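Colleague: I would like a close look at a single part of this model. Please keep to what can be read from the coordinates.

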Amino acid sequence: MASTSSSYKKVLTLDSINQNIRNVEYAVRGEISNRANDYSNQLHQKNKLPFDSVVSANIGNPQQQPHLAQKPLTFWRQVAALTEYPDLIENQEAIKLFPKDARERAKHILQDVGSVGAYSHSKGAQSIREHIAQYIEERDGFPSDPEMIYLTAGASAGVQLLMSVLISNANVGIMIPIPQYPLYSAALSFYNAQPVKYFLNSDDDWSIDVKQMAKEVDDARAKGIDVRALVVINPGNPTGSCLSKDNIRQIIQLAYEKNLLVMADEVYQANIYKPNDLPFVSFKKVLCEFGKSSKAEEQSIAKEVELVSFHSISKGVSGECGRRGGYFELTNISPDVEGQIYKMASVNLCPSIQGQIGMDLLVRPPKKGEESFELYEKEVNDIHQTLLERSRKMADKFNQLEGIHCGEAQGALYLFPQINLPQKALKKAKEENRQPDEYYCLRLLDATGICVVPGGGFGKKAKEDGTIFLRTTILAKETDAFVDRFGTFHQQFLKEFGTP
Ligand SMILES: Cc1ncc(COP(=O)(O)O)c(C=O)c1O
């Protein structure tokens, strides 16, 4: 056919698309992680690189193969398998393979959801929401209403749904911690709202200075920003810190005084390393406890402060990131608005059924006396112990290296070491048009195959004096090899650029 000159012009160009999307940044899967993927492909093709494997320490994805490779909990996978292929439940051969409680659980779940291939209720299967409510009641000692629980495709989907409801115009402000998990800044860019930053105190285990936070609200409001909500991540990502109950109380009090909705991201609630000193305490529990006070104002805090709490199956000991399961619970949200949230959840039909099943398993682990209990307990304890040991070993190693300071993880799956870079390295970074932390992390990747995220990706930018931060997960299976590779790199880096 003769070629004709076409009048067709691309509809989608960088200038024509939603410009909010261009403003979205998501460092945990940004340039450095793309380069790491590229190295991984090169190693597959047997290309020679200075290292023989890429270690993805940039994202809390515990089951990622081959270097993190946390083994899935057996009970979870047994129930998931049976719900996928229900014919196995009564099959004589399968009975030898699957314990009775796993078969009963699968049967029970299927009685409600019918088939994992069918849509469920838009909030999630009724029985699963009831189980989540029971879990919350047992955890907190206060009632929870299954109708106020929404299952989601991971916590991320829940956060985005809530942001889409909260943000009605470009003048809306949402308080986010710095450093923060970039889901929040990304969602604010996407929905075109104003991030109102509050700064976690690096000298005090990343605690929240509520007075400073109040000032940030006042300053933003003085500039005309309609500050509506505050996001708290507890246990923290990237900081690995756990908030004390007092600190949580102060934050809720502040929310009341300043008329703010609280979004409590509690996806790391099961990753706790100092359970005696810093146990996990939920925002919901602390909010409800205000209701026990004899003071009228405190009772009104419990009845009025709007709270949305998020949880996920991606973290904890399950680490089932790929299944995309999570929930949020609404507290003190007006019924009209709840109706609108329900409508929006309905537009998405329903979250993945296997994600919902994961959530059911998270809130209803095998009980003592049931066939799977012992193995389950052992697997869970082993994972907790391994994470604790790895986090200590890595923090110790960081602290032995010149110019690095790293706090112990109190919770979550990360360490957030502070590194003092020599002036010559800062100069070199500038010459290469890179931020100092980005430069250091790229050099680390190029030399060792270790992929971490620069502090700037969480809003914690390099300081003028050469102080940078980076975030690494504590999930690398070969922790010794990881810390050795890192240590050798750091020493060579200082040899090249001089000591800080
Ligand atoms: C603080 C925080 N919130 C939410 C998420 C997203 O979790 P999900 O996989 O449930 O979407 C993550 C993932 O790393 C996270 O660190």
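In which sense do strand 8 and strand 9 pair, and over how many bridges?

Modeller: This is a predicted model, in which local features need pLDDT of at least 70, side-chain atom pairs count only at pLDDT 80 or more, and totals for chains, interfaces and linings use all residues. Residues are numbered from 1 along each chain as its sequence is written.

Strand 8 (residues 307–312) and strand 9 (residues 326–331) pair in the antiparallel sense, over six bridges. Within this pair, Val 308 stands opposite Leu 330 of strand 9. Strands here are DSSP runs of E with at least two residues, helices are runs of H or I with at least four, and both are numbered from the N terminus. Two strands count as paired if DSSP finds at least two bridges between them.

The two strands belong to an open sheet of eight strands, in the order 2-9-8-7-6-3-4-5, with mixed pairing. Its edges are strand 2 (149–152) and strand 5, each of which pairs on one side only.

Helix 10 (residues 245–258) packs against some of these strands. The buried residues of helix 10 contact strand 5 (207–208), strand 6 (226–233) and strand 7 (261–265), and also helix 9 (210–222), helix 11 (283–290) and helix 12 (296–304). Contact means that the C-beta atoms of two residues, placed from the backbone, lie within 7 Å. The buried residues themselves are Ile 248, Arg 249, Gln 250, Ile 251, Ile 252, Leu 254 and Ala 255. A residue is buried if 20 or more other C-beta atoms, placed from the backbone, lie within 10 Å of its own.

Helix 10 has 14 residues and spans 20 Å from its first C-alpha to its last, close to the 20 Å expected at 1.5 Å a residue. That expected span is 1.5 Å times one less than the number of residues. Just after helix 10, Asn 259 has a positive phi of about 60°.

Then there is the ligand. It is surrounded by 14 residues, the closest being Gly 154, Ala 155, Ser 156, Ser 312 and Ser 314; a residue is near the ligand if its C-beta atom, placed from the backbone, lies within 6 Å of it. Helix 7 (residues 154–166) gives the most to this shell, with three residues. By class the shell has six nonpolar, seven polar and one charged residue. Ala, Val, Leu, Ile, Met, Phe, Trp, Tyr, Cys and Pro count as nonpolar, Asp, Glu, Lys and Arg as charged, and the others, Gly among them, as polar.

Methods
Buried ≥ 20, exposed ≤ 12 C-beta atoms within 10 Å, placed from the backbone.
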